[in-house]
There are 2 protein chains.
Amino acid sequence: MLTFVGLGLYDERSITRRGREAVTAAEAVFAEFYTSKLAGATVADIEAAHGVDVEVRDRAGVEQDPDPILGAAREGEAAFLVAGDPMISTTHVDLRLRAHERGIETRVIHGTTAQTAASSLTGLQNYRFGKATTLPFESAHGTEGVPDSVTDTVEENRERGLHTLAFLDIKVDDDRERYMSAAHATALLADHWDEDALGVVVARAGSPDPVVVVDRLRALAEESFGDPLHLLVLPGTLHHVERDALVELAGAPVELADERLV
Amino acid sequence: MLTFVGLGLYDERSITRRGREAVTAAEAVFAEFYTSKLAGATVADIEAAHGVDVEVRDRAGVEQDPDPILGAAREGEAAFLVAGDPMISTTHVDLRLRAHERGIETRVIHGTTAQTAASSLTGLQNYRFGKATTLPFESAHGTEGVPDSVTDTVEENRERGLHTLAFLDIKVDDDRERYMSAAHATALLADHWDEDALGVVVARAGSPDPVVVVDRLRALAEESFGDPLHLLVLPGTLHHVERDALVELAGAPVELADERLV
């Protein structure tokens with residue numbers, strides 16, 4: 001049995017009780033942190049919290065050499081740990097398909113996600129979000145600034161009055177990790193798209209001290225939001241309770257929020 | 001302090017460790033189950049699992065008479081439990097705003113959600129979902145069949161190649177609860193919209209035995225998917241791994257899945 005376990009949003013306490021039971025019951029525990037990682041816990045923290053040894057696999061160690069994982073799952077109980085919810089990334093679906101092909105049973109234990117938190121912490125209603133997007137580092141794509149695919153998604157959503165969640169890029173090269181900050185992201189969008197657009201920054205979702213800040217992109221680009229991870233929401237129109245939540249709970253300038261009210 | 005705690009998707013083991021800590025540390029524990037409920041646990045199960053007494057409030061007891069909750073939160077640690085993630089519903093945001101107005105500190109502990117599970121269990125990628133919708137019981141709206149707002153959402157998403165998650169209606173009247181089944185939902189959509197459209201049924205997400213079934217709406221309308229809760233996904237176009245996941249993991253008819261491949 002191969003059990004995909006979502007570690008949830010932030011640290012070793014973000015896992016569900018069901019997830020924890022699967023981890024402690026597993027004979028072999030694997031993890032990957034190349035698609036996402038826990039900002040508030042190291043691998044040692046996870047090992048200590050559950051009393052297990054965790055074998056971290058890099059992308060090649062999952063996609064090109066999955067045999068150690070599949071072998072353990074064929075012979076007994078194996079758990080595969082992923083930050084957030086498992087199966088969010090193609091690489092996990094692909095591993096599940098490979099297990100299935102070899103007749104290995106699989107199951108999925110869900111985790112809390114940035115997508116849920118972006119709605120929950122901002123007060124923006126989940127059914128008023130359109131397609132999500134990811135804002136890449138400039139080095140990750142050929143063109144300068146912001147790829148059209150990102151701004152097209154935001155604009156198509158806005159035409160329908162919908163909010164857009166923008167995941168911010170994570171780069172893992174050898175042992176170096178870079179997280180795009182919300183200040184970086186809003187500067188990119190202010191320079192190459194619309195500096196007057198309303199932005200909602202969410203920092204450290206799932207942690208004990210998440211931060212939500214609302215302002216025009218140009219103003220957000222000049223602030224600093226502390227440790228990763230950061231998310232950015234680009235709101236469409238605002239319903240009354242959404243407007244109140246942004247103003248009262250996240251300090252949105254009243255006139256900015258009122259401009260968007262329907 | 002008023003802590004909103006997401007109970008997660010299915011039963012008393014769907015809560016996170018951080019959520020459990022908040023529940024056991026609270027001096028007063030409230031809950032509401034009118035916006036959503038745990039299909040796999042009773043209130044007694046939750047009380048037993050955490051060793052606490054839970055006071056369940058109905059809609060009037062939250063929206064019109066929040067004083068007992070706010071009073072407890074002003075005097076000490078109060079927890080407010082909600083199935084899935086808290087703040088998903090306007091009623092929770094409204095309660096948080098009322099606490100804030102009175103100078104009561106609030107925090108949010110996230111839970112796993114149907115939205116995450118719909119993507120995770122089906123292998124359909126989360127960034128390829130458009131706006132979500134809710135399919136209401138016929139008695140809940142004036143017209144026969146399916147409201148235009150639902151089919152408009154599905155069609156606008158499809159034009160962009162995007163998937164649509166349809167939440168299925170829950171009716172709580174006095175002590176009676178009715179959950180719309182996926183068979184009911186697909187019959188409605190087959191009769192009043194497009195019987196040949198592809199549908200993906202997800203039953204009992206978050207439980208140990210979730211079920212995912214893919215077929216044309218007309219065919220799904222003739223099946224039975226067991227206990228609630230059920231969700232329905234109406235896919236847009238399919239990427240290769242999405243197609244493989246629907247065929248290999250959910251038994252989608254190959255020719256149906258291939259029609260949608262991009």
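This is a predicted model: local features need pLDDT of at least 70, side-chain atom pairs count only at pLDDT 80 or more; totals for chains, interfaces and linings use all residues.
In general terms, nonpolar side chains tend to be buried together in soluble globular proteins.

Which residues does A:L2 touch, leaving aside those up to four places away in sequence? They are A:I69, A:L70, A:A73, A:A78, A:F80, A:L95, A:A99, A:I104, A:E105, A:T106 and A:R107.

I turn now to the cavity. The count of cavities of 30 Å³ or more comes to 1, and the space in the largest cavity is about 260 Å³. Its lining is made up of 17 residues, of which A:Q115, A:N126, A:F129, B:Q115 and B:N126 are the closest to the centre. The elements that give two or more residues to this lining are α6 (114-122) of chain A and α6 (114-122) of chain B. How do the lining residues divide into nonpolar, polar and charged? There are 6 nonpolar residues, 11 polar and no charged.

Next, the backbone. Most residues other than glycine have a negative phi, and most peptide bonds are trans. Several places in this model depart from that pattern.

In chain A, the peptide bond from A:P228 to A:L229 is cis, with omega near -5°. A:L229 sits in the loop between α9 (217-220) and β12 (230-234) of chain A. In chain B, a cis peptide bond joins B:P228 and B:L229, with omega about -5°, and B:L229 is placed in the loop between α9 (217-220) and β12 (230-234) of chain B.

A:M87, although not a glycine, has a positive phi of about 75°. This residue lies in the loop between β4 (78-82) and α5 (90-101) of chain A. A:M87 counts as buried because its relative accessibility is 1%, under the 20% cut-off.

Finally, B:R204 has a positive phi near 60° and is likewise not a glycine. B:R204 is found in the loop between β10 and β11 of chain B and is buried, with a relative accessible area of 11%. B:S207 lies in the loop between β10 (198-203) and β11 (211-216) of chain B, and a polar atom of its side chain is 2.8 Å from the backbone oxygen of B:R204. B:S207 also counts as buried, at 5% relative accessibility.

Note on methods
Residues are numbered from 1 along each chain as its sequence is written. Chains are lettered from A and ligands numbered from 1 in the order in which they are written. Side-chain values use heavy atoms; hydrogens and water are left out. On a 1 Å grid over the protein atoms alone, a cavity is a set of points where a 1.4 Å probe fits but cannot get out, and a pocket is an open set with protein on both sides within 12 Å along at least five of seven lines; lining residues have an atom within 4 Å of a point. Grid points are joined across faces, edges and corners, and a volume is the space filled by probe spheres set on the points. Helices (H or I, at least four residues) and strands (E, at least two) are DSSP runs, numbered from the N terminus. Ala, Val, Leu, Ile, Met, Phe, Trp, Tyr, Cys and Pro count as nonpolar, Asp, Glu, Lys and Arg as charged, and the others, Gly among them, as polar. Buried means under 20% relative accessible area, exposed over 50%, partly exposed in between (1.4 Å probe, protein chains only). A polar contact is a pair of N or O atoms within 3.5 Å; within protein, one must be able to donate a hydrogen and the other to accept it, and residues adjacent in sequence count only if both atoms are side-chain atoms. Contact means heavy atoms within 4.5 Å.
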